[in-house]
Amino acid sequence: MKQRLIIKTGEPHAEVRAEHGNFEQWIVRELGSDGAAWRVVDVTGGEALPAVAEVAGAIITGSPAMVSDRADWSEEAAAWLRAAHAAKVPLLGICFGHQLLAHALGGEVGYHPGGPEVGTVQVQRQPAAAGDALFDAMPVSFAAHVLHWQSVLRLPPGAAVLAANAFEPHHAFRLGNSWGVQFHPEFDPAASVSLLDVLTPALEKEQQPVAALRAGITATPDAATLLPRFAALLAD
C-alpha cells in the first residue's frame, strides 16, 4: 500500500510547541479519522523521503524557514517535489510548503513587498476554482489564518490562481495534481493567538497593529475543510 506523507519542514516556536504541539500534529487533527494513515517525514532533520513510486500523496507543512535561503534540505525536498509532480502524485503545500512547491515547479518566491500578513483574513475564491477538487466547494469569500513574510511572487508556468485577496494575489494555486495554499488550514484560533504573541516584537518592528490583529483572530471552518478534502482525493 502506498504511503501518505506529511513532509515536515519546520516547527513552531518552543513556547507554542509546548502548548499546542507541532505543525504536523495540527494537520493530523484537521484530517480527522484519516490522520492516523499519514507518515511524518522530517526533512529538516535529514530524514530521507521515500521513492516517489511508493507515495500516494503528500502534504508539505509550514515552517519558520525561508525558501529564498535555499537551505540544502529545502532544495533537496524541492527536487523530490519536482519528481513527485512529474509522476502526478497529489501534493498540497501549506505556507512554506506552498512556496517551496511553487519554487520547485518554476515559480519565484521572495519577501512580500508589503511586509508580513498575519492573523485572520478574508480570502476570495477565484474563477479558476470552479470545478476544482479542493476549491469548488469553498464559499466565494472565507476566513483563513495567515502568518507569512514571504510569498509566491510569480507562479509556476501554467499554474492557475484559485484564491486571493487584496494583499496576497496568490493565496492558492493549482498546477496539475499539485496545490499550494499560502493560508493555514491547520491553524486554530488558539494556536494563531499564541504565534502572534511570540512574534509580537518582530511584528511591531514591521509596524503591524498587533492588538487589532489579535482581537480579529477567529475560527476558520471553511479553510479547515481543505485538508480532509485533499485526503479524500487519495482514496479515489
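Which residues does valine 198 touch, not counting residues up to four places away in sequence? Valine 198 touches His13, Glu15 and Val16, where contact means heavy atoms within 4.5 Å. The residue lies in helix H5; helices (H or I, at least four residues) and strands (E, at least two) are DSSP runs, numbered from the N terminus. Valine 198 is partly exposed, with a relative accessible area of 25%; buried means under 20%, exposed over 50% and partly exposed in between, for a 1.4 Å probe and protein chains only. Its C-alpha atom is separated by 37 Å from that of proline 127, 71 residues apart along the chain.

The model is predicted: local features need pLDDT of at least 70, side-chain atom pairs count only at pLDDT 80 or more, and totals for chains, interfaces and linings use all residues. Residues are numbered from 1 along each chain as its sequence is written, and side-chain values use heavy atoms, with hydrogens and water left out.

**Overall fold**

The secondary structure comprises 9 helices and 11 strands. For 236 residues, a compact globule would have a radius of gyration near 18 Å, and the 16 Å of the protein agrees with this; the radius is taken over C-alpha atoms, and the globule rule is 2.2 Å times the number of residues to the power 0.38. Buried residues make up 54% of the 236 residues. Of the contacts with a separation of 6 or more, 74% are between residues 24 or more positions apart.

**Aromatic pairs**

Rings of Phe, Tyr and Trp (its six-membered ring) pair if their centres lie within 6.5 Å; planes under 30 degrees apart count as stacked, over 60 as edge-to-face and the rest as tilted.

| Pair | Centre to centre | Angle between planes | Class |
|---|---|---|---|
| Tryptophan 38 and phenylalanine 230 | 6.4 Å | 35° | tilted |
| Phenylalanine 135 and phenylalanine 183 | 6.5 Å | 80° | edge-to-face |

Tryptophan 38 lies in strand E2 (residues 38-42) and phenylalanine 230 in helix H9 (residues 226-235), so this pair ties together parts that are 192 residues apart in sequence. Both tryptophan 38 and phenylalanine 230 are buried.

Phenylalanine 135 is in the loop between strand E6 (117-125) and strand E7 (141-148), and phenylalanine 183 is in the loop between strand E11 (178-181) and helix H5 (189-198), 48 residues apart. Phenylalanine 135 and phenylalanine 183 are both buried.
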